[in-house]
Amino acid sequence: MGFKADLVERLLDAVAGTEAVGSSDSEAASTTEWKVKKIIGRRSTIKTVQGHLFEIMEFQVQWDFPDHDDPTADEVTWEPLSNLENAHEALHDFLASQPKQPSCKYGHMLGTCRCQRPLIHSGQDESIFKAYQKSSYQWVVGGVRGLRKKTDGPGEMVSGFKDELRGFGHPLTEDELLVVNCYREALGKQPLKGSPGVRFLQYGKNKEGYWTFDHFAEQAIRKCVLMHSMWDQ
């Protein structure tokens, strides 16, 4: 019996009164962590979201339940990539074992290589803008120059992408944002309120913290998903 079926049976028994809801066995079953044992396959599937068709890659996952009564009981399911964020090693091992595209000099996986397509050059940079920040050089008229604040004042940090097709910030129309969010929904991701090409941060210890690699990685992934939804379908 798989773990899901076993858990459902326990819950039904609890509702029927044959097993105490607060029993230690029930608590152990409900808190057992699902761990990826192995990724054993992949497939492409078509999902429809609000009339838009998207090709989504799913992976066949074999789950491991170390606390289960039967150590050989495994559950096999098909999962989108968004459900495998904590299974980097298993995903890497599976992708490394797959046949490679013969014409790809980088060794990309067969069926997923995009090296034959045109490149879109995109760059990113970060900067901090402060309310009273001025250039270190100023005009002096009649020996008098403008007053300067003692400090540069509060600041706001911005991280922006720029590419050769859309320019700075990758602006989106309402219709384009709808398509992007439909694609994100098909991937199991949360919708965006606007383009991820620009990200602002009220930096500071008592505000939103400081810009880290995690912030950049999140923005870069959102930008890649955006570009994939617009030009790779």
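Let's start with what a patch is here: patches are made of residues with over 30% relative accessible area and no salt bridge, with like charges joined within 9 Å and nonpolar side chains (Val, Leu, Ile, Met, Phe, Trp, Tyr) joined within 5 Å. Lys and Arg count as positive, Asp and Glu as negative, while His and the chain ends are left out of the count. Each charge is placed at NZ of Lys, CZ of Arg, CG of Asp or CD of Glu, and the accessible areas come from the Shrake-Rupley method with a 1.4 Å probe, where for residues only the protein chains shown count as cover.

You're looking at a predicted model, where local features need pLDDT of at least 70 and side-chain atom pairs count only at pLDDT 80 or more, though totals for chains, interfaces and linings use all residues. Residues are numbered from 1 along each chain as its sequence is written, and side-chain values use heavy atoms, with hydrogens and water left out.

With that in hand, find K134, R145, R148 and K149, which together form a positive surface patch. K134 sits in the loop that runs between β4 (122-130) and β5 (155-163); helices (H or I, at least four residues) and strands (E, at least two) are DSSP runs, numbered from the N terminus. K134 counts as partly exposed because its relative accessibility is 45%, given that buried means under 20% relative accessible area, exposed over 50%, and partly exposed in between (1.4 Å probe, protein chains only).

Now for the salt bridges (a side-chain nitrogen of Lys or Arg within 4 Å of a carboxyl oxygen of Asp or Glu). Searching the whole structure turns up six of them. One joins the side chains of E176 and R166, at 2.6 Å from N to O. Since E176 belongs to helix α4 (residues 174-186) and R166 to the loop between β5 and β6 (167-168), this pair ties together parts that are ten residues apart in sequence. E176 is partly exposed at 21%, and R166 is partly exposed at 26%.

Next, go to E218, whose side chain meets that of R199 in a salt bridge of 4.0 Å, N to O. E218 is in helix α5 (residues 213-231) and R199 in strand β7 (residues 198-201), so the pair links parts that are 19 residues apart in sequence. E218 also has a salt bridge to R222, at 2.8 Å from N to O. Those two are both in helix α5, four residues apart, or about one turn of the helix. R222 is partly exposed, at 31% relative accessible area.
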